[in-house]
Amino acid sequence: MDVAGIRMDNPLMVCSGVLGISAGLFSRIEAAHAGAVVTKSISLVPNKGYDNPTVTGVASGVINAMGLPNPGVDAFIEELGRSEVSMPIVVSIYGNDEGEFAELARRLSPHCSALELNLSCPHAGGLLAIGQDPNLVERVVRAAKEASNVPVLAKLTPNVADITKIGLAAQEGGADAICAINTVKAMAIDIYQKHPILSNIGGGLSGPAIKPIGVRAVWDLAGAIDIPIIGIGGIASWEDVVEYLYAGASAVQMGTALGMYDIDHITRIKDELDIFCASTELDYEGLCGIVRKRYP
Ligand code: SIN
C-alpha cells in the first residue's frame, strides 16, 4: 500500500518515541512485520532529556515526559547508515523554529523514506507553541517541505481547541499527511511524598485512555482535509486499528501497547487484521473511511 508516498506492506507503523532509535531495533521491528517505523524525535544537537522519573503508569495509560532525548542529527545519520531494513524508516524531527526544522529536513531526507515533524510534544514549550499556532505550523511545514525531497508528515497535538484548523494549516504548508494525535497534557501526584511524580512535573498521557480522543481527531480531520491521515492514540488491538481506519485514517501508529505487551504484538495484530480483511473481502485501503463517508 502507498500512504502519502510511503510504500508499506501493511498500515501498522511504530510511533515515534518508543523503539525507533537504533539499527538493531529497526531490524526487530521489521521482523515483527510492522509496515514502517517512526524514529525517536531528532534535533540538531544531542539532547540528554529530563532526569528520572520520566514515565509513570496511571489507570488506562502511561504519562511520560522524557524531554526528547536523542543523539543529535550527526550521530543519528551514522546510525541510519547501519540499518539493514527494507521497511520504510520515517525520521521524526524537532527544532526551535522553521530554520532548524529546514536544516534537519535537508540533512536527514537523503537517509530516510519520509520525515515526521514533531509539532506536538505537550511539555516542550516551544514545540507546543508552534503546534498550537496555525501560522507557525504552516511556516514550519513549508520550510521542511522545501528543504527535503521525501514525504513530510505533520504530527499534531490534541491540546488545541480545534485540531482541524491546525490540520488545514499543515496541508496549506504542503504536508503530505497528518499524524494525529500526540499525547494529551497530563500529570500525576504522589500523595504520600506530596510532590509530582515526574521530574518535569507535567507530561503527556498515552495508552487506552486516549483512544477515543484520537478517533475523534481523525474523524474531524477527515471531514476537513484532503491529505491522508495516520491515526495514533491508544491502539492495542486489531479492533482499535479498524476503528481508526473506519474513522478516516489510512494507517495507524502504535506505541504504548508495545511497552504493555512486546514487539511481537504487531505480528498478532497484523494477523488478526488480515483475518478480518479476508472475512470482509476488503483490503487495507478498502477499510479507510468506511464509517466516516456515511456522515459527510
Ligand atoms: C518526550 O520525549 O518527552 C516525548 C516526546 C513527544 O511527546 O513528542
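**Close-up 1. N182 in its loop.** In this predicted model, N182 sits in the loop that runs between β10 (177-180) and β11 (184-187). With a relative accessibility of 12%, N182 falls on the buried side, because the cut-off for buried is under 20%.

**Close-up 2. What N182 touches.** Skip the neighbours within four places in sequence, and N182 is in contact with N118, S120, C121, K155, L156, P158 and I210.

**Close-up 3. The W219 and Y295 rings.** The structure has two aromatic pairs, and here's one of them: the ring centres of W219 and Y295 are 5.7 Å apart. Their planes make an angle of 50 degrees, so this pair goes down as tilted. W219 belongs to helix α7 (residues 211-222), while Y295 is in the segment after α11 (284-287); the pair links distant parts of the chain, 76 residues apart. As for W219, its relative accessible area is 24%, so call it partly exposed.

**Close-up 4. The W238 and F276 rings.** For W238 and F276 the centres lie 5.0 Å apart and the planes are at 35 degrees, which makes this a tilted pair too. Helix α8 (residues 238-247) supplies W238 and helix α10 (residues 265-280) supplies F276, so the pair ties together parts 38 residues apart in sequence. W238 is partly exposed at 23% relative accessibility, whereas F276, at 16%, is buried.

Note on methods: Residues numbered from 1 in each chain as written. Predicted model: local features only at pLDDT ≥ 70, side-chain atom pairs only at ≥ 80, totals over all residues. Heavy atoms only, no water. Phe/Tyr/Trp six-rings, centres within 6.5 Å; stacked < 30°, edge-to-face > 60°. Helix = DSSP H or I, 4+ residues; strand = E, 2+ residues; numbered from the N terminus. Buried < 20%, exposed > 50% of the residue type's maximum accessible area, 1.4 Å probe, protein only. Contact = heavy atoms within 4.5 Å.
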